[in-house]
Amino acid sequence: MNYLSLENVTKTYGDKVLFMDATLQINKGQKVALVAKNGSGKSTLLRVAGGRDNSEGTQSRILIHRDARLGYLEQEPDFYPEHTILEAVLDSDNPLILAIKRYEHSLLFKVTDEEAQAAVARMDDLKAWDVEARIKEVLSKLGFVRLEQTIATLSGGQKKRLALAKLIIDEPDLLILDEPTNHLDLDMIEWLEEFLSQSNLTILMVTHDRYFLERVCDTIVELDRGQLYRYTGNYSSFLEKKSLRHENENIELEKNRKWLRKELDWVNRMPKARSTKAKSRVDGFYEVKDKVSNVKLEKELQIDIKGQRLGKKILEAQYISKNYGDLAIVREFAYKFQKGERVGIVGPNGVGKSTFLKMLTQEVRPDEGRVIVGGNTVFGHYSQDGIPMAEDKRVIDVVREIAEFIPLEKGQKLTAEQLLERFLFDRKHQQVYISQLSGGERRRLYLLTVLMQNPNFLILDEPTNDLDIITLNVLEDFLMEFPGCILIVSHDRFFLDKLSQHLFIFEGEGRIRDFNGNYTEYRDVKRDEEAEKKERERAQAAKENKTAAATPTTTGSGLTFEQRKEMNRLEKEISKLEERKTEIEGKFADPGLTPERITELAKTLNEVKLQLEEKELKWMELAELA
């Protein structure tokens with residue numbers, strides 16, 4: 001069954017053609033990924049396919065099957081600020097979701113007995129009870145615990161995650177996803193990968209996550225120079241078939257060039273007798289000439305900026321610790337960096353990775369221990385937030401403010417214009433305002449400004465966000481040859497596997513584990529450890545059950561009705577306090593927190609923990625009586 005058809009879709013911005021007469025069909029059960037360079041029009045094509053773009057310059061014929069419900073993940077989702085998280089995900093026309101919304105309303109607000117019974121009956125009729133549990137499971141997997149939190153209090157990344165959760169819960173027939181892994185930690189990405197791999201889902205998505213392309217997708221469509229090229233298979237298959245296509249194009253191009261040289265000889269003789277055959281030959285010459293002239297040679301990002309020499313002492317952390325109130329960020333971490341080390345950093349959102357990086361660069365002082373930076377060590381810090389760039393400033397001006405000339409290897413120099421050309425900003429594009437750049441182009445420009453400092457110790461915090469696969473490959477090759485040290489925080493598993501020699505694993509409560517191996521090797525070890533832990537827990541539970549069965553039961557007074565009521569009340573309060581604790585801990589992930597705000601959050605977290613301990617103690621006392 002065909003779910004979506006795009007026929008002769010064209011999109012232009014003034015003189016710039018993003019795609020011309022593009023045609024694409026997606027059938028039920030297919031998982032299609034769209035790949036292209038930044039600025040080629042991937043997101044625009046998704047918006048057109050999802051019916052989100054009918055602006056000037058768009059010509060399209062889009063056919064959606066009448067029985068197919070389409071769900072679209074926006075890059076910048078729009079919610080009602082006053083809605084709670086639960087209200088936002090229940091804002092749907094799906095009959096199952098509407099039934100759950102009605103039932104939740106009957107629990108939260110005063111309704112008549114008839115209305116409450118009707119809500120329960122509707123849930124029974126649609127068998128929606130499992131769906132309600134699934135909603136809370138999906139929200140939990142994507143990091144949402146306190147469901148009464150309002151949208152106005154969420155960050156941009158949290159809103160993107162909530163939009164993804166809403167889309168999954170709504171269960172449309174066709175999912176259109178624009179960079180679904182952005183703002184997810186590694187556990188979330190792996191859960192999403194497993195979910196999207198289900199055979200009954202139909203997907204059209206843009207992603208730079210190459211493990212997603214390898215493990216989830218069965219079709220890859222490349223947008224190249226305004227044309228769509230379809231490849232059946234996963235990422236490995238795509239690379240093979242794309243390479244073969246380029247070889248064939250080059251062979252054809254060389255044939256045309258040879259023919260042109262021969263025909264040019266004939267045309268230059270300017271035959272006076274213009275027969276029909278001769279005219280046809282001349283027309284054929286100009287047709288092939290136009291064809292060859294229109295073939296643009298692919299330019300690749302060139303990174304060969306000179307790096308400064310490292311000294312014997314590079315960077316050393318001497319048993320550093322950092323706490324915000326009772327929240328431990330780092331506890332007695334010690335490490336001495338060696339020349340050429342490439343270290344990956346992984347851990348859930350909010351665990352303190354950004355604070356750790358700032359301690360190493362001496363932007364944040366540790367509570368205990370000290371950080372020693374070598375005299376020749378020059379940091380190049382690529383942060384998640386980038387650097388503020390004035391929207392009304394041109395690309396060339398951003399670079400010139402740093403330097404007019406940039407030193408290369410062997411004493412050579414580049415002008416600011418030449419350097420930008422190596423980062424795929426041609427002379428015309430250098431005059432473009434920052435406000436007109438795509439997300440990937442801004443990231444590429446920011447990377448350039450970091451490398452212009454000639455660092456010998458690179459600290460890269462989520463460098464892969466919004467970069468296309470081609471740029472990622474060039475960046476990886478550069479980093480593989482980089483003679484200095486590299487410290488990488490990334491949720492891109494492929495990137496980590498390719499570059500990291502070992503990992504710092506943030507396990508929570510200030511513990512940092514040094515793992516000798518890449519991310520895939522770590523996940524294999526972690527799965528084995530989790531399996532062993534579950535086996536020990538099962539054995540311990542079986543032992544306790546056996547002991548309890550052999551022990552004579554004692555008679556007791558048990559709990560009164562009031563005590564049972566108190567126990568139920570405590571359970572609800574403990575659950576709310578745990579949600580509140582998780583919410584506060586999540587706020588520490590914000591890299592823009594001021595020291596005053598950190599102290600305030602730490603104080604609030606300490607108060608919540610004390611209340612939690614008090615409630616848990618009372619509950620345990622009642623449990624012993626029971």
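**Entry 1: charges over rings**
I began with Arg 161, whose charged end sits over the ring of Phe 144, 5.2 Å from the ring's centre. I then looked up Arg 215: its charged end sits over the ring of Tyr 211, with 4.2 Å to the centre. A reminder to myself: this is a predicted model.

**Entry 2: ring pairs**
Next I turned to the aromatic rings. How many aromatic pairs does the structure hold? I found 18 of them. Trp 191 and Phe 195 make a stacked pair, 5.9 Å centre to centre with 15 degrees between the planes. Why are these two separated by about one helical turn? Because they are four residues apart in helix α7 (residues 186-196). I checked burial too, and both Trp 191 and Phe 195 are buried.

For another pair I picked Phe 515 and Tyr 522. Their ring centres are 5.6 Å apart and their planes lie at 70 degrees, so I noted this pair as edge-to-face; an angle over 60 degrees counts as that. Phe 515 and Tyr 522 are buried.

I also followed ring pairs through a cluster, which includes Phe 333, Tyr 335, Phe 337 and Phe 356.

**Entry 3: nonpolar cores**
Last, I looked at the cores. The largest nonpolar core has 52 residues, and Ile 135, Leu 139 and Leu 162 are among those with the most contacts inside it. Which helix gives the largest share of this core? It is α6 (residues 156-170), with seven residues. Leaving out residues up to four places away in sequence, I listed what Ile 135 touches: Val 89, Leu 90, Ile 97, Ile 100 and Ile 169. Another core, of 43 residues, lies apart from the largest one and includes Tyr 446, Leu 458, Phe 495 and Leu 499.

Note on methods. Residues numbered from 1 in each chain as written. Predicted model: local features only at pLDDT ≥ 70, side-chain atom pairs only at ≥ 80, totals over all residues. Heavy atoms only, no water. Core = buried A, V, L, I, M, F, W, Y, C linked by side-chain atoms within 4.5 Å. Buried < 20%, exposed > 50% of the residue type's maximum accessible area, 1.4 Å probe, protein only. Contact = heavy atoms within 4.5 Å. Phe/Tyr/Trp six-rings, centres within 6.5 Å; stacked < 30°, edge-to-face > 60°. Lys NZ or Arg CZ within 6 Å of the ring centre and 35° of its normal.
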